[in-house]
Amino acid sequence: MFDAILIDKTDDAQSVSQTQIDTDHLPEGDVLVEIAYSTLNYKDALAITGASPVVRKFPMVPGIDFAGIVRESSHPDYKAGDKVVLNGWGVGEVHWGGLAKFARVKGDWLVPLPEAISMKRAMAIGTAGYTAMLCVQALEEHGVAPDAGPVAVTGAAGGVGSVAVTLLAGRGYEVAAVTGREEEADFLTSLGASSIVARDELSGKPRALNKERFAGGVDVAGSTVLANLLSMTRYGGTVAACGLAAGMDLPASVAPFILRGVTLAGVDSVMCPAPRRRAAWDALAAELDMEKLDALSVELPFSEVIDAAPKFLKGQIRGRVIVPVA
Ligand code: NDP
């Protein structure tokens, strides 16, 4: 028996509890992982609170990512004792996830943990940090070079945003950190932001085109914020969009695309093909300033995860939330 968080649904009412599960009840898979650390992500908070229909199969163990040690494997790439990390693939949504002591998963979903990253730091990075790297790589692939001019990061004080600021600054970009939390300005500057932009400046009714201000951007917000960012993107620039913290809609015009050659690059971490995700983890191991990473991570006891989820959705938690699994 082991500890797990379990979400259940009966007669349209969702319940969530910390409970004990038998290893025999784990779903099918060719690798059994003993989890050392998981995290609380925006999507986990949505799943735990039921604020959005993230969970598509009940009962469900939430937790879209984890780092741990392989205990049993019939997959050719993994043997007992290997350290691994998992992000996405529907884990915590349709397949039991990381907020439990054990998970049984498909070996094809796992990434070998790079030497330079401990299991705890892997989860300080988590899905948010790995997504931030996918966004940075998207900007690079679309030719937004560090000397191109200021690059905006929205939701800068959040999980994806704070790692994106750190990574971009580390690569030599001039980072404009867009935040709704003025009080986080010093924190964002310490991560490498060159300027702080009030979220309000990107929250008004979007115009088709605005003054060209940013060479590109990483957007976690969607909706009006993304529409404004696109309208402010310089000729030939690229915005990597990965989130919907402000909303799922996009009240934009095609003007930035057809008049300024702007690219909107979609970033998905969940079904991202294995070679691309391994490249992202290798780049994180090579580039991420681990001391800055430690500064933007907080540890949340397993027993407090359920209570923390609503606070997370209200944007009251800064940076990355690591959950040591008891
Ligand atoms: P966090 O809650 O840690 O960060 C979100 C940040 O967005 C907040 O901290 C806040 O930053 C900002 N924000 C909150 N509300 C609004 C709003 N109404 N308008 C504009 N900005 C807002 O979440 P994560 O960083 O973990 O995730 C960010 C987004 O990215 C989520 O939508 C998540 O679902 C998505 N995501 C997508 C992935 C993918 O594969 N595509 C993977 C991981 C995450 P501040 O206070 O600085 O303004």
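Modeller: A residue is called buried if 20 or more other C-beta atoms lie within 10 Å of its own, exposed if 12 or fewer, and partly exposed in between, with C-beta atoms placed from the backbone. The model is predicted: local features need pLDDT of at least 70, side-chain atom pairs count only at pLDDT 80 or more, and totals for chains, interfaces and linings use all residues. Residues are numbered from 1 along each chain as its sequence is written.

Biologist: Is Leu32 buried, partly exposed or exposed?

Modeller: Leu32 lies in strand E3 (residues 31-39); strands (E, at least two residues) and helices (H or I, at least four) are DSSP runs, numbered from the N terminus. Around Leu32 there are 18 other C-beta atoms within 10 Å. That count falls between the limits for exposed, 12 or fewer, and buried, 20 or more. Leu32 is therefore partly exposed.

Biologist: Which residues is Leu32 in contact with, leaving aside its neighbours within four places in sequence?

Modeller: Two residues are in contact if their C-beta atoms, placed from the backbone, lie within 7 Å. By this criterion, the partners of Leu32 beyond those neighbours are Arg71, Glu72, Phe102 and Arg104.

Biologist: How many of the residues of helix H5 are buried?

Modeller: Helix H5 spans residues 223-231 and is mostly covered. What covers its buried residues includes strand E8 (151-153), strand E11 (214-219) and helix H6 (255-260). Val225 and Leu226 are among the buried residues of H5, and the count is seven of nine.

Biologist: How are H2 and H7 oriented to each other?

Modeller: H2 and helix H7 (residues 274-287) pack with their axes 9 Å apart, at an angle of about 100°. Axes are lines fitted to C-alpha atoms, for helices over the stretch in contact, and angles run from 0 to 180 degrees between N-to-C directions. Angles under 35 degrees count as roughly parallel, over 145 as roughly antiparallel, 65 to 115 as roughly perpendicular and the rest as oblique. H2 is therefore roughly perpendicular to H7.

Biologist: Which residues come nearest to the ligand?

Modeller: A residue is near a molecule if its C-beta atom, placed from the backbone, lies within 6 Å of it. Of the 31 residues around the ligand, those that come nearest are Gly155, Ala157, Gly158, Gly243 and Ala246.
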